[in-house]
There are 2 protein chains.
Amino acid sequence: MLNKHDCKSELNDAQLRATPARIALMELFENSLEPLDVQTMIDYLQKRNITADNATVFRIVNAFTQKGLTRQIQLHENKFRYELAARGEHHHLICNVCGKIEDISDCKIEDFQDEISKKKKFVIKSHALEFYGTCNNCQK
Amino acid sequence: MLNKHDCKSELNDAQLRATPARIALMELFENSLEPLDVQTMIDYLQKRNITADNATVFRIVNAFTQKGLTRQIQLHENKFRYELAARGEHHHLICNVCGKIEDISDCKIEDFQDEISKKKKFVIKSHALEFYGTCNNCQK
DNA sequence: TAGTATTTGCGATAGACTTGCGTTAGTATA
DNA sequence: TATACTAACGCAAGTCTATCGCAAATACTA
Ligand SMILES: [Mn+2]
Ligand SMILES: [Mn+2]
Ligand SMILES: [Zn+2]
Ligand SMILES: [Zn+2]
């Protein structure tokens, strides 16, 4: 949860110029608990009266990802989502009813991964794991 | 691996009319080791001289999925893939070099899933797990 | 404050996928 | 086997996500 000034520094550190749209989007990422899609970013900028073409928003999030500020993920949708890379690789619980997306920080599949890697002679560089179901709220 | 006649029965059982394109695509699914994207299905039909508009192929695979014959999956691409639902839920090894996709039949994450479910009070209905890396062939 | 490289806006473009509508063709039943 | 009903199809247009080329704007640096 960084403020406007910190977001500027973050951009500078990544060798990205601190434009209004980029600063606002870094703030959005810092304050979001869920991974964001591009449409959400566009809507957010509009609410803050920051004009930004949608091609620009796609370019911004690509630049963020390329510089290692964000990570691109995908959750069985026909679009990508993005979240802060600094929060580390982790997994997600996705509610099929309300769409809520929750982080799972602890990964317990290392042993399984090692076993598969050996058995299949496959060098595993990364993995994606998501659980789909019904969240606590939506069970009532 | 079913023949043409069996594929017809499968379609009838699912209350789907057995058109040439549907029969051919069921055969393709039965004989494929990897999940298929729609373009692959279109190419296959062309090779067999079965005319099918691409809207039709999308409608076919949606019908298959809706009737439970196939399952829609997605492997961090901007498109969906489909595989036979009868083979059961399983996971995949995806080679970042050659694109090869291999099935992993044994799932060893049940304990982790139960733990998460309890901790987050989340009813888990399904999960997706994929490993990305370099296959045996591409390591040389 | 001027110079320059980076970033943006705009419009065109691409690819995956959907939809409306009139026609075709599987299937049931006689 | 002929008939009728409805599912399925072809075609064309449209939607949605994402990219690209180019000229204009703007953030940084000196
Ligand atoms: Mn997350
Ligand atoms: Mn598979
Ligand atoms: Zn929910
Ligand atoms: Zn490979």
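This is a predicted model: local features need pLDDT of at least 70, side-chain atom pairs count only at pLDDT 80 or more; totals for chains, interfaces and linings use all residues.
Visitor: OK, which elements does chain A have, and in what order?

Guide: Chain A has five helices and five strands, where helices (H or I, at least four residues) and strands (E, at least two) are DSSP runs numbered from the N terminus. Read from the N terminus on, the order is α-α-α-α-β-β-β-β-α-β, and the C-alpha trace of chain A spans about 50 × 40 × 25 Å along its principal axes.

Visitor: How do S3(A) and S4(A) run, parallel or antiparallel?

Guide: Strand S3 (residues 91–95) of chain A and S4(A) run antiparallel and are joined by four bridges; two strands count as paired if DSSP finds at least two bridges between them. A:Ile94 has A:Ile101 in S4(A) as its bridge partner, and in the hairpin of these strands, which has five residues between them, A:Gly99 takes a positive phi near 85 degrees.

Visitor: Switching to the metals, what coordinates the manganese ion called ligand 1?

Guide: Its donors come from A:Glu83 (OE), A:His90 (NE2), A:His92 (NE2) and A:Asp103 (OD), at 2.1 to 2.2 Å. Donors are N, O and S atoms within 2.8 Å of the metal (3.2 Å for Na, K and Ca), and water is not among the atoms, so sites may look incomplete. Along the chain these donors follow the spacing E-x6-H-x1-H-x10-D, and A:Glu83 in strand S2 (residues 81–84) and A:Asp103 in strand S4 (residues 101–104) link parts of chain A that are 20 residues apart.

Visitor: And which residues hold ligand 2?

Guide: The manganese ion written as ligand 2 is coordinated by B:Glu83 (OE), B:His90 (NE2), B:His92 (NE2) and B:Asp103 (OD), at 2.1 to 2.3 Å, and its donors follow the spacing E-x6-H-x1-H-x10-D.

Visitor: Back to A:Glu83, what does it form with A:Arg71?

Guide: A:Glu83 forms a salt bridge with A:Arg71, with the closest N and O atoms 3.9 Å apart. A:Glu83 lies in strand S2 and A:Arg71 in strand S1 (residues 70–73) of chain A, so the pair ties together parts that are twelve residues apart in sequence. A salt bridge here is a side-chain nitrogen of Lys or Arg within 4 Å of a carboxyl oxygen of Asp or Glu.

Visitor: How many salt bridges are there between chain B and chain A?

Guide: There are six between chain B and chain A, and one salt bridge joins the side chains of B:Lys119 and A:Asp106 (3.4 Å, N to O).

Visitor: How much area do the two chains bury between them?

Guide: Chain B and chain A bury about 3600 Å², 60% of it on carbon and sulfur atoms; buried area is the accessible area (1.4 Å probe) that two parts lose on being put together, summed over both. B:Phe112, B:Phe122 and B:Phe131 supply 19% of the area that chain B buries against chain A, more than any other three residues. In terms of contact (heavy atoms within 4.5 Å), 41 residues of chain B meet 41 residues of chain A.

Visitor: How do the two S5 strands pair?

Guide: Strand S5 (residues 123–134) of chain A and S5(B) pair in the antiparallel sense over eleven bridges, and the bridge partner of A:Phe131 in S5(B) is B:His127.

Key: Residues are numbered from 1 along each chain as its sequence is written. Chains are lettered from A and ligands numbered from 1 in the order in which they are written. Side-chain values use heavy atoms; hydrogens and water are left out.
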